[in-house]
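Dear colleague,

I am passing on the structure below, together with some notes on what was found in it. Please read them alongside the sequence and the model.

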2 protein chains.
Amino acid sequence: MHRPLILVTNDDGITARGIRHLIESVGELGDVMVVAPNSPQSGMGHAITVGDTLRLTESSVFPGLAAYECSGTPADCVKMARHFLLKEKRQPDLVVSGINHGSNTSISVLYSGTMSAAIEGAIEGTPSIGFSLCDYGFHADFTHTTAYIRSIVQQVLSKGLPAGVALNVNFPARREEPLKGIRICRQANAKWVEDFVERFDPNGRSYYWMTGSFVNFDKGEDNDEWAIANNYVSVVPCQFDLTAHHAITQLNNDWEILG
Amino acid sequence: MHRPLILVTNDDGITARGIRHLIESVGELGDVMVVAPNSPQSGMGHAITVGDTLRLTESSVFPGLAAYECSGTPADCVKMARHFLLKEKRQPDLVVSGINHGSNTSISVLYSGTMSAAIEGAIEGTPSIGFSLCDYGFHADFTHTTAYIRSIVQQVLSKGLPAGVALNVNFPARREEPLKGIRICRQANAKWVEDFVERFDPNGRSYYWMTGSFVNFDKGEDNDEWAIANNYVSVVPCQFDLTAHHAITQLNNDWEILG
């Protein structure tokens with residue numbers, strides 16, 4: 001029987017607790033290969049490294065596993081992994097990214113390095129999943145995610161995903177009561193409202209820290225914010241076609257300068 | 001009469017020729033404020049600066065204009081500009097980004113810092129447009145874009161854009177014959193196939209340069225690649241809701257673990 005090849009990456013870097021938990025969760029389901037950033041890459045969005053060099057070195061973080069540290073972004077990791085696997089005439093059967101330390105629900109999907117790795121996998125036609133835990137704490141408890149990760153990965157390995165779709169899976173922070181189950185969701189209508197905290201360096205010149213508060217405008221019960229707030233695992237199918245198809249007709253009708 | 005406030009940014013950095021041409025093109029249509037990266041940010045996707053500091057300093061690149069150089073990404077520039085304008089109880093009426101030196105058609109929209117600035121504007125509810133020229137050359141000719149930029153900006157200032165939509169505008173490289181007009185398009189189905197060129201540093205350790213070739217799978221005539229190839233200006237309305245809505249029903253039907 002074909003044992004699937006599972007490519008694991010993340011955006012918190014190869015030494016993060018989250019990627020270790022993800023590897024332990026999927027290890028029995030296939031052969032695992034790790035290509036992850038050698039430093040934290042949070043907030044990198046779908047950045048790639050152009051106009052600069054990349055390093056890729058073997059890693060000793062996971063003894064017994066094929067593991068590599070990459071100097072680039074999460075999307076770079078997926079691109080490099082595919083390239084070097086292709087030389088061996090192999091390709092991953094699944095890309096999993098995470099577990100991210102912190103939420104990637106709603107609009108955060110755009111800024112998420114975790115999800116950019118999954119979307120990069122989907123662009124290449126590989127079923128791909130990004131996992132995030134809505135708990136930023138260093139000592140965050142990941143244990144409630146294990147069974148769900150295995151179930152979701154098994155479903156995706158056996159049934160695949162619609163073409164061009166990657167999954168954005170978020171877990172609520174661990175509570176006393178167990179998780180209620182999975183909800184297939186849409187991305188909630190919400191955004192970050194930034195603040196910039198001004199400080200002064202020893203030379204008296206100003207610099208800023210970006211901070212933000214999350215504002216949810218969405219009253220629905222079919223979105224990822226609602227699912228997380230109600231102790232469900234949220235699963236949002238995401239696509240890389242950004243076209244606002246509904247707007248094409250309107251622009252064609254309204255504009256007077258198409259000639 | 002209200003004179004609109006136009007926020008200009010880019011991803012090639014404040015000293016690039018493209019942003020200068022964009023400022024000159026829109027200067028008569030409103031008050032211009034420039035907040036642009038202090039270094040090239042190509043390929044940054046929707047990256048933002050978290051876990052690091054930001055600098056924002058006045059710039060002398062455009063005498064007579066309110067111009068600032070930011071140490072962050074294009075999305076950071078839009079966030080910082082909005083924040084400091086808000087303190088003065090002002091907000092931009094339009095965000096324009098570019099002109100990018102190089103194409104941002106098709107899948108490149110995901111990697112594009114130019115478009116991430118425009119999408120950041122759209123998240124905030126401001127009509128926003130990213131402009132790119134399909135010519136990477138330092139001495140690229142931008143003159144054929146001027147009249148189209150003005151027309152598009154005037155249309156958007158007078159008619160607005162659908163909620164949650166930013167425009168991805170690409171211009172063909174200058175040819176002998178004039179541009180044929182504007183096509184409202186969808187994002188073409190195409191991707192980059194990467195290659196990694198290995199080199200060795202003076203210490204004998206390997207490093208890599210990412211290179212790529214663009215592969216277009218799309219046979220349609222309603223997409224941006226077709227428009228550019230046929231000497232039209234391509235305009236793709238883009239959205240920041242990544243939900244693959246068509247996949248929600250399928251996952252709900254197929255999966256057995258919703259619990």
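Does B:Met33 count as buried, exposed or partly exposed? B:Met33 counts as partly exposed, because it has 19 C-beta neighbours inside 10 Å; here a residue is buried if 20 or more other C-beta atoms lie within 10 Å of its own, exposed if 12 or fewer, and partly exposed in between, with C-beta atoms placed from the backbone.

Before going further, please note that this is a predicted model, in which local features need pLDDT of at least 70 and side-chain atom pairs count only at pLDDT 80 or more, while totals for chains, interfaces and linings use all residues. Residues are numbered from 1 along each chain as its sequence is written, and chains are lettered from A and ligands numbered from 1 in the order in which they are written.

To stay with B:Met33, this residue is found in strand S2 (residues 31-37) of chain B, where helices (H or I, at least four residues) and strands (E, at least two) are DSSP runs numbered from the N terminus. Leaving aside neighbours within four places in sequence, B:Met33 is in contact (C-beta atoms, placed from the backbone, within 7 Å) with B:Leu5, B:Leu7, B:Ala66 and B:Ala81. B:Met33 and B:Ile6 lie 27 residues apart in sequence, with 6.2 Å between their C-alpha atoms.

Turning to chain A, there are seven helices and eleven strands. Its radius of gyration, taken over C-alpha atoms, is 19 Å, close to the 18 Å that the globule rule (2.2 Å times the number of residues to the power 0.38) gives for 259 residues, so chain A is as compact as a globular protein of that length. Of those 259 residues, 50% count as buried.

As for the two chains together, the contact takes 62 residues from chain B and 62 residues from chain A. On the side of chain B that touches chain A, H6(B) gives the most, with seven residues. That side divides into 35 nonpolar residues (Ala, Val, Leu, Ile, Met, Phe, Trp, Tyr, Cys and Pro), eight charged (Asp, Glu, Lys and Arg) and 19 polar (the others, Gly among them).

With best wishes
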